[in-house]
Amino acid sequence: MLSFLLLSFVCFQTTVILNNLAKAYAESGQYEQAEEMAREAVRIAEKTQNTHLSQFMANLGVILNLEGIYILFFDVLTRTSRSHHADI
């Protein structure tokens with residue numbers, strides 16, 4: 001029983017650390033790393049029935065949204081640049 005509790009505590013701490021890393025990566029614009037950390041936190045939380053699973057999933061959703069906005073922004077910026085050069 002003690003080993004189960006210890007494993008549960010370690011898994012809980014791991015998911016919290018991964019989630020915090022995901023947030024830090026996202027805030028610094030490193031969305032791929034953020035997504036990887038967030039997905040791993042969700043994966044572990046699902047397997048261990050972590051009570052914070054919904055928070056980890058929400059964080060992953062925010063990161064995916066940011067990643068999508070960033071990609072869309074880059075695409076628009078690239079098209080705008082091409083359009084500008086075609087006019088010159």
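This is a predicted model: local features need pLDDT of at least 70, side-chain atom pairs count only at pLDDT 80 or more; totals for chains, interfaces and linings use all residues.
Two salt bridges are found in the structure. One of them joins the side chains of Glu 35 and Arg 39, with an N to O distance of 2.9 Å. These two partners sit four residues apart in helix α2, which spans residues 31-48, so about one helical turn separates Glu 35 from Arg 39. Their surroundings are worth a look as well. Arg 39 is partly exposed, at a relative accessible area of 42%, whereas Glu 35 has a relative accessibility of 16% and counts as buried.

The other pairing brings together the side chains of Glu 40 and Arg 43, at 2.5 Å from N to O. Here, too, both residues belong to helix α2, and a spacing of three residues places Glu 40 and Arg 43 about one turn of the helix apart. Arg 43 is partly exposed, with 35% relative accessible area, and Glu 40 is likewise partly exposed, at 27%.

Attention now turns to the nonpolar interior. In soluble globular proteins, nonpolar side chains tend to be buried together. In this model, the largest nonpolar core comprises 14 residues, and those with the most contacts inside it are Leu 18, Ala 22, Ala 26, Ala 38, Phe 56 and Ile 63. Helices α1 (2-27), α2 and α3 (53-87) are the elements that each supply two or more residues to this core. The greatest contribution comes from α2, which gives eight residues.

Apart from neighbours within four places in sequence, Ile 63 is in contact with Ala 22, Ala 26, Tyr 31, Ala 34, Glu 35 and Ala 38.

Terms used:
Residues are numbered from 1 along each chain as its sequence is written. Side-chain values use heavy atoms; hydrogens and water are left out. A salt bridge is a side-chain nitrogen of Lys or Arg within 4 Å of a carboxyl oxygen of Asp or Glu. Buried means under 20% relative accessible area, exposed over 50%, partly exposed in between (1.4 Å probe, protein chains only). A nonpolar core is a set of buried Ala, Val, Leu, Ile, Met, Phe, Trp, Tyr and Cys residues joined through side-chain atoms within 4.5 Å. Contact means heavy atoms within 4.5 Å.
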